[in-house]
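Hello,

Here is the structure I promised to pass on to you. Have a look at it first, and then read on for what turned up.

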Amino acid sequence: MIEDLWYKNAVIYCLDVETFMDGNGDGVGDFLGLRRRLDYLAGLGVTCLWLLPFFGSPNRDNGYDVSDYYTVDPRLGDLGDFVAFSQQAKLHGIRLIIDLVVNHTSDQHPWFQKARRDERSPYRDYFLWSKEKPADWDEGMVFPGTQKATWTYDEEAKAYYFHRFYAFQPDLNISNPRVRGEILKIMGFWLELGVSGFRVDAVPFLIEQRGLPQKRREEDAFTFLSEMREFLSWRRGDAILLAEANVPMEDIGAYFDDGHRMQLVLHFLANQKLFLSLVDEDATPLVQLLETSPRFRPVAQWAQFLRNHDELDLGRLTDAERQRVFQKMGPEREMQLYGRGLRRRLATMLEGDAHWLNFAYSLLFTLPGTPVLWYGEEIGMGEHLGLEDRQSVRTPMQWSSDPNAGFSRAADTVKPLVEEGPTSYRRVNVASQRRDPDSLLNHVERLVRMRKECPELGWGEYSVLDTGARSVLGLRYDWKGNVMVVLHNFARAPRAVTLELKGARSATLVNVFSGEHVKPSRDGVYPLRLEAHGFGWFRLGGHDVGSAEGVERTR
């Protein structure tokens, strides 16, 4: 089967429908409002939307507590509204991937309600139970400090049930073939409604299979991921699986399986090393990570991000490294979460420094993999620390300086807006940045456009260059005879670097964003100077992006 590898050069934009745009004036974002904002997303250059859960839910965990996988939360619309939105997205050339949250359900889901009422019900084995209180009842919690246990006693069932997350989210028993069948049926339903794949939530917990003996669990751990991929490929050959798998590097290969399981995996470790490099003004942590990251070409690829809808997880850094990031980017206790992360948005962590933000987004779009944007980051939205836990980075989109940031006409909005400080919606919004040619929004739009015009970044084989400066990350991409070189200076001071490029043959390095091209010295070395937090994207060979020969060579 010949696969459509559209995701290799995609730009993914993640959003929560309820906080993006209110179309009917009730204070809650919905599919009607999102459909009206597709022109904005298409103009930004987005090629794929990742939607957070929008299914039927009691909404105790931002929709991740699903009570009905086959409906739309009525606050957001109905299935007809989803299909109308899906069709319009397709007309704009934008694909859709949606969250697949199937390691647990809501305790209000009919499966769990039937399971707790009758021990003989076939749904009883959809979940994990224990008559006696397990010895590890308070171990393995995902949200330490907020969560109190992983086994909770249910009075109606007269037994303990397992939940890796909150007590109102009982884990499904993935070792049960009937549960696996239910998950594949859910996937098939949404594929028929036009989605191009799924971001699979909490994959390491999904495949735990605690219902099996230890030996069987080890043997069968990844089998279900292969089943999901096979089902996906038969139903829709161009659909993808994007995995949330924050695991050690030595374990990641089993999730990719050379592209036979997940096509994309979020690169959590690169994200953590990136922030350490930002704080230390030293590219070395990120360089070392990129040099040792496994390669899974040509099908599989990393998904790179700066911020997402959760905390900035720094749990895989050393204690000393994590404290350095905390001290620089979130020194106050209310900015930190679970003892391992920060609940701030990118703009505030980077001190609102426009030059630093420009640098960070240039880095995102040139790291090996597919870039993923969190909504509002393109304009530099800030967090609302008055909200609990991870809700701080999930405030309504700031469209204008009008009341409620142009998000809604209602008196009250689904979540409070950022109304004070340098990132308030009166100062930071889409409307004002559209009119400013030097705004972050316009900078990100230029980066997106250039990223799409440089297929070497999505398709090419990368290598880390020796720049001679610890603060400067140099990457080279080779694809179909084309070469791109990208440089980023993590320091707050200028740096001079020299590059030796194998096979360059005196070719000019063409800066794709400016006329500052670089020719090699007589000994074949390229001398370059980067400003504080400076960066450069260069093509090797003397042709600007868009030239006839340059375009022909990239086909």
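Leu76 is buried, as its relative accessible area is 4% (buried means under 20% relative accessible area, exposed over 50%, and partly exposed in between, with a 1.4 Å probe and protein chains only). Leu76 sits in the loop between strand 4 (68–72) and helix 3 (79–91); helices (H or I, at least four residues) and strands (E, at least two) are DSSP runs, numbered from the N terminus. Leu76 and Gly29 are 47 residues apart in sequence, yet their C-alpha atoms are 6.5 Å apart in space. Apart from neighbours within four places in sequence, Leu76 is in contact (heavy atoms within 4.5 Å) with Val17, Glu18, Val28, Gly29, Asp30, Phe31 and Phe54.

Before going further, please keep in mind that this is a predicted model, in which local features need pLDDT of at least 70 and side-chain atom pairs count only at pLDDT 80 or more, while totals for chains, interfaces and linings use all residues. Residues are numbered from 1 along each chain as its sequence is written, and side-chain values use heavy atoms, with hydrogens and water left out.

Next, the cores. A nonpolar core here is a set of buried Ala, Val, Leu, Ile, Met, Phe, Trp, Tyr and Cys residues joined through side-chain atoms within 4.5 Å. The largest one has 156 residues, and Tyr13, Leu41, Leu49 and Leu51 have the most contacts inside it. A second, separate core has 18 residues, among them Val483, Leu487, Phe538 and Leu540. To come back to Leu51: leaving aside neighbours within four places in sequence, Leu51 is in contact with Leu15, Val17, Phe31, Leu34, Phe82, Phe85, Ile97, Ile98 and Asp99.

Then there is a helix pair to look at. Two packed helices are described by the angle between their axes and the distance between the axes. Helix 10 (residues 268–280) and helix 12 (residues 319–329) have axes that come within 9 Å and cross at roughly 65°. Axes are lines fitted to C-alpha atoms, for helices over the stretch in contact, and angles run from 0 to 180 degrees between N-to-C directions. The crossing of helix 10 and helix 12 is left-handed, a term used if the near helix is turned anticlockwise from the far one by less than a right angle (right-handed if clockwise). On the helix 10 side, Lys273, Phe275, Leu276, Leu278, Val279 and Asp280 take part, meeting Glu321, Arg324, Val325, Lys328 and Met329 of helix 12. The residues of this contact divide into 6 nonpolar, no polar and 5 charged; Ala, Val, Leu, Ile, Met, Phe, Trp, Tyr, Cys and Pro count as nonpolar, Asp, Glu, Lys and Arg as charged, and the others, Gly among them, as polar.

Helix 11 (residues 284–292) has Thr284, Pro285, Leu286, Val287, Leu289 and Leu290 buried. Its buried residues pack against helix 10, helix 14 (354–366), strand 17 (461–465) and strand 18.

Strand 18 (residues 472–479) also holds Arg476, which counts as buried because its relative accessibility is 12%. Its side chain makes a polar contact with the side chain of Asp478 (2.9 Å); such a contact is a pair of N or O atoms within 3.5 Å, where within protein one must be able to donate a hydrogen and the other to accept it, and residues adjacent in sequence count only if both atoms are side-chain atoms. A polar atom of the Arg476 side chain also lies 3.0 Å from the backbone oxygen of Lys502.

Helix 13 (residues 346–349) includes Ala347, buried at 5% relative accessibility. Ala347 and Gly380 are 33 residues apart in sequence and 5.0 Å apart in space, C-alpha to C-alpha. Thr348 is in helix 13 as well, and Thr348 counts as buried at 18% relative accessibility. The Thr348 side chain reaches the backbone oxygen of Arg345 at 3.0 Å.

Finally, which residues other than glycine have a positive phi? Tyr338 is one of them, with phi near 60°; Tyr338 lies in the loop between strand 14 (336–337) and strand 15 (341–342) and is buried at 11% relative accessibility. Glu351 also has a positive phi, of about 60°. Glu351 is found in the loop between helix 13 and helix 14 and is partly exposed, with a relative accessible area of 46%.

Best wishes
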